[in-house]
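Dear colleague,

I am handing over the structure we spoke about, with the sequence alongside. Please look through it first; my notes on what was found follow below.

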Amino acid sequence: MGQLKVLIVDDEYLIRNLLKMRIDWEQQGMTIIGEASHAQEALDLVEQRRPDIIFTDIYMPNINGIEFSRRVLEKYPKMKIVVVTGHDEFEYAQQSIKIGVVDFLLKPIRAVDLLHVTDKLKRKLNEERTRDNELKRLKEELERNLPYLREKFLFQWIQGSLSLEEILDKANYFNLPMLLCGEVYQLAVVEIAPASEKHTEEQLILLGIEGKNNIEAFYRDNDRVLILSDTRNQFVLVSFNEETDLVSDGESLITRLLESFPCLVNIGVGRKRENLQEAHLGYQEACRAIRYKAFAGNNQVVCFEDMVDSGEQPYQSNPELLQQLQFYVSVGSSERAAEMLPRIFDVSFSGVAQFRLAAMDVIAVCQRAAMEQQIEEEHALNKETLVSIITADNLPELTTILERYVLSTSRTIFSKKQAKEGNLIGQVKAYLENNMSDPQVGLASIAAAFFVSPGHLGRLMKKETGQTFVEYLTQLRMKRAENLLKTTDLKGYEIGEQVGIPDPHYFSVLFKKTTGRSMNEYRSVK
């Protein structure tokens, strides 16, 4: 903090001079930038020099110190005013508290009192300026992050996580008048993927940047279309312009993107809506239309309305059932996963298009489970399965195909998990072989070392070895002890230490319990 500017106001020259001479102002980090003999002169100096601190007498001609303070603080509330007063004026001076005067200085003025006041003011101003600077920094940061926060709000809106009151409040804050006017809107999702399966991370990032630049350029003159970055190479368009045809725009946009760089483009378009709280439905429709690329092929615009027969009620997926299906597939429970299909398809479909949508939900869930278990390369969606789904024209045939697919996916996941668990137990056994001499080795420490829960590790050990963890570790230690008794002249307590049981008595008892003989008996017949 720089030097604080001080203004002294008193109609007596001696008092002004006394204030100036009583302390070393520069040492206090302050500079006296002026003095005034009456309030009007002081008001002019306040305008010209903008002091940080003002010392003022109460009794002055025309305008007294309290009225002067009121006028200053009314215009400059952050200035600090100290009233200089005598004992007989103190009650009168207390009135100034109501208008914001920060302190009093009693006459006769003593250096110690003046230092006390200036120290307190310096701390107060320093704290205020620190807060002001922090607030300024936060406001600047908010300004920088405003585009991100605005986009975050719009995603919360289209995902259905806000109440109507929150939508309107945030739309007003982010200056989005189109959300406040109850206008018709429509959502589309644009997905841009690399044309080649072999691509680097850098190429993927550049693809997303190039794609966004092209979409923004396409809608540069249409400020009633909002563009949001969904996933890395997926973008959401929200149109509030009834004259904008997102289907026609989508076809032109695909042509533009394909001409700009090698890629695959798919666009899904939801239905038009008026209710602000139904945006999540339009977003879901556009996302589901995108998934229909498995049927329609790449570089297509798919309109959700075209996916259902005319006059049909749209198929509504059941998130709870799909979540259960994903869980069973993820844990490799193939039978339970297959049992979910009749429940998912227990819906009154009115046409082929609708049960194909349900099939796409099931496929998406299985693919998600496979990706979570990192087997997407080992178990990609079989083309023959996909063709079978596209050509299936009756529900029994479709569910039979899907059941085979669900069973295949969940069994693949189960096999991988089994192999992984077997490998884990192999690593644990090797670890115990090398570290059994550590008396701290136990189920909890080993589980922590291999990033699994003790309960899970204990169950795997029992399943793989037929023994509990403690039984297996004890047997391992006793076998090592037997070998040391046969091949070395180490004493019993030394062998106990080498196998991780430093208590000689406990080791002796455990050895006899396990082998049926004491150590001396065992060694005598080696």
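Setting aside its neighbours within four places in sequence, V406 is in contact with L325, V329, A337, A338, L341, V362 and C366; please bear in mind that this is a predicted model. V406 belongs to the largest nonpolar core, which has 26 residues, and is among those with the most contacts inside it, together with L325, V329, I344, F345, V362 and L402. Two or more residues of this core come from each of α12 (319-330), α13 (334-344), α14 (352-372) and α16 (395-435), and α14 gives the most, with nine residues. A second, separate core of 25 residues includes V236, V238, L276 and Y283.

The second largest pocket has a volume of about 520 Å³ and is lined by 21 residues, of which R291, S317, P319, L322 and D361 lie nearest its centre. The elements that give two or more residues to this lining are α10 (279-291), α12 and α14, with α10 giving the most, namely six residues. Sorted by class, the lining of this pocket holds nine nonpolar, five polar and seven charged residues.

As for the cysteines, the structure holds zero disulfides. C181 has a relative accessibility of 52% and therefore counts as exposed, the cut-off for that being over 50%. C303, by contrast, has a relative accessible area of 10%, and because buried means under 20%, C303 is counted as buried.

With best regards

Definitions and conventions
Residues are numbered from 1 along each chain as its sequence is written. This is a predicted model: local features need pLDDT of at least 70, side-chain atom pairs count only at pLDDT 80 or more; totals for chains, interfaces and linings use all residues. Side-chain values use heavy atoms; hydrogens and water are left out. A nonpolar core is a set of buried Ala, Val, Leu, Ile, Met, Phe, Trp, Tyr and Cys residues joined through side-chain atoms within 4.5 Å. Buried means under 20% relative accessible area, exposed over 50%, partly exposed in between (1.4 Å probe, protein chains only). Helices (H or I, at least four residues) and strands (E, at least two) are DSSP runs, numbered from the N terminus. Contact means heavy atoms within 4.5 Å. A disulfide is a pair of cysteine sulfur atoms within 2.5 Å. On a 1 Å grid over the protein atoms alone, a cavity is a set of points where a 1.4 Å probe fits but cannot get out, and a pocket is an open set with protein on both sides within 12 Å along at least five of seven lines; lining residues have an atom within 4 Å of a point. Grid points are joined across faces, edges and corners, and a volume is the space filled by probe spheres set on the points. Ala, Val, Leu, Ile, Met, Phe, Trp, Tyr, Cys and Pro count as nonpolar, Asp, Glu, Lys and Arg as charged, and the others, Gly among them, as polar.
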